[in-house]
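Here are a few notes from going through this model. Have it open beside you as you read.

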Amino acid sequence: MVQSGKPASGDRFEVDGRSIELSRPDKLLYPQDSYSKRDVAGYYHSVATVMVPHLRGRPLTLRRFPDGLEGEGFFQKEAPGYLPDWIRVAEVPQRGSGGPVHHVVAEDAATLLYLANQACLEFHMLLSTVDSLERPDLLVLDIDPPEGTRSTELRSVVRDLCRRFERNGLVPHIQATGGKGFHVVAPLAGEEDFEQVRRWAGTMAMEAAESDPERLTTEQRKDKRGTRMFLDINRNAYGQTMIAPYSLRARPGAPAATPLESGELARAAPGGHGLANMARRLRRKRDPWADMHGAVMAR
């Protein structure tokens with residue numbers, strides 16, 4: 001079940017016993033598509049029921065566009081000092097020099113709506129939780145195709161990686177990123193550290209690239225990839241993030257990161273769902289990742 005995409009009254013949302021009133025609700029955040037802050041807030045209200053469970057307990061990096069996509073956006077890790085005291089903020093130590101970073105943690109729909117009112121379009125989440133920062137409970141392999149890659153080729157690579165995950169005792173979950181490619185994600189028990197998880201991801205990516213060198217590469221430098229798809233394991237590191245399920249993307253059309261059932265892949269596109277049609281999708285389909293963390297297999 002999803003929440004209504006309409007404000008409770010006017011430009012005010014009543015959620016979780018809190019009242020979130022939009023400032024400058026008519027401000028166009030997606031000018032090419034005529035989507036306003038009101039539209040963005042309505043979107044996040046409509047997906048909150050399925051999105052918040054994926055965010056809960058995870059430090060966030062926010063991507064904000066106060067002047068819309070035509071303005072200067074920025075990534076924000078450190079929580080602003082003006083946040084109301086009911087929004088959770090978690091201290092995350094940095095490796096190396098420097099003090100800790102204080103990240104927002106979205107524990108409820110009210111926090112999601114508050115951040116949407118701050119012109120946050122994208123929500124990026126850590127692969128570990130506040131309670132166990134050093135031990136990830138997600139492994140992510142990001143398939144980054146060059147421009148012009150055929151959808152059939154991209155989907156074929158996703159299927160192959162899903163099979164590799166299964167052979168390695170992992171349960172693959174697919175996400176259309178809302179950008180150019182797909183994520184293949186597996187839940188973990190949270191027993192290993194990032195170095196071990198990164199080695200697992202690296203081994204699978206390297207074996208895939210070696211078996212299909214014409215299409216795939218693990219080469220970090222763009223100028224050496226040619227027309228091959230890049231299998232990116234870099235998100236599997238302390239402090240790194242992935243785009244959160246159901247987060248909008250700061251791209252024309254307002255696409256969103258979308259968890260998919262494996263049977264949907266045959267017709268899926270990386271940016272196939274978003275602000276215009278996500279609420280309709282969720283009215284007829286439950287979240288494919290709803291039971292993700294009950295699907296951890298022993299390695």
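How many aromatic pairs does the count come to?

1. The count comes to 5 aromatic pairs, where rings of Phe, Tyr and Trp (its six-membered ring) pair if their centres lie within 6.5 Å, with planes under 30 degrees apart called stacked, over 60 edge-to-face and the rest tilted. Do keep in mind that this is a predicted model, with local features needing pLDDT of at least 70, side-chain atom pairs pLDDT 80 or more, and totals for chains, interfaces and linings using all residues. Numbering runs from 1 along each chain as its sequence is written, and side-chain values use heavy atoms, leaving out hydrogens and water.

2. Take Tyr43 and Tyr44: they sit edge-to-face, 5.1 Å centre to centre with 75 degrees between the planes. Both are buried (under 20% relative accessible area; exposed is over 50%, partly exposed in between, with a 1.4 Å probe and protein chains only). Ring pairs also bring in Phe123, making a cluster with Tyr43 and Tyr44.

3. Phe194 and Tyr238 are another edge-to-face pair, at 6.3 Å and 85 degrees. This one links distant parts of the chain, 44 residues apart: Phe194 is in helix α4 (residues 194-211) and Tyr238 in the loop between β14 and β15. Helices (H or I, at least four residues) and strands (E, at least two) are DSSP runs, numbered from the N terminus. Phe194 and Tyr238 are both buried.

4. On the record side, an unreviewed UniProt entry annotates residues 37-289 as "domain: DNA ligase D polymerase"; such annotations may be inferred rather than shown by experiment. That span is 28% helix and 21% strand, and its end C-alpha atoms lie 27 Å apart.
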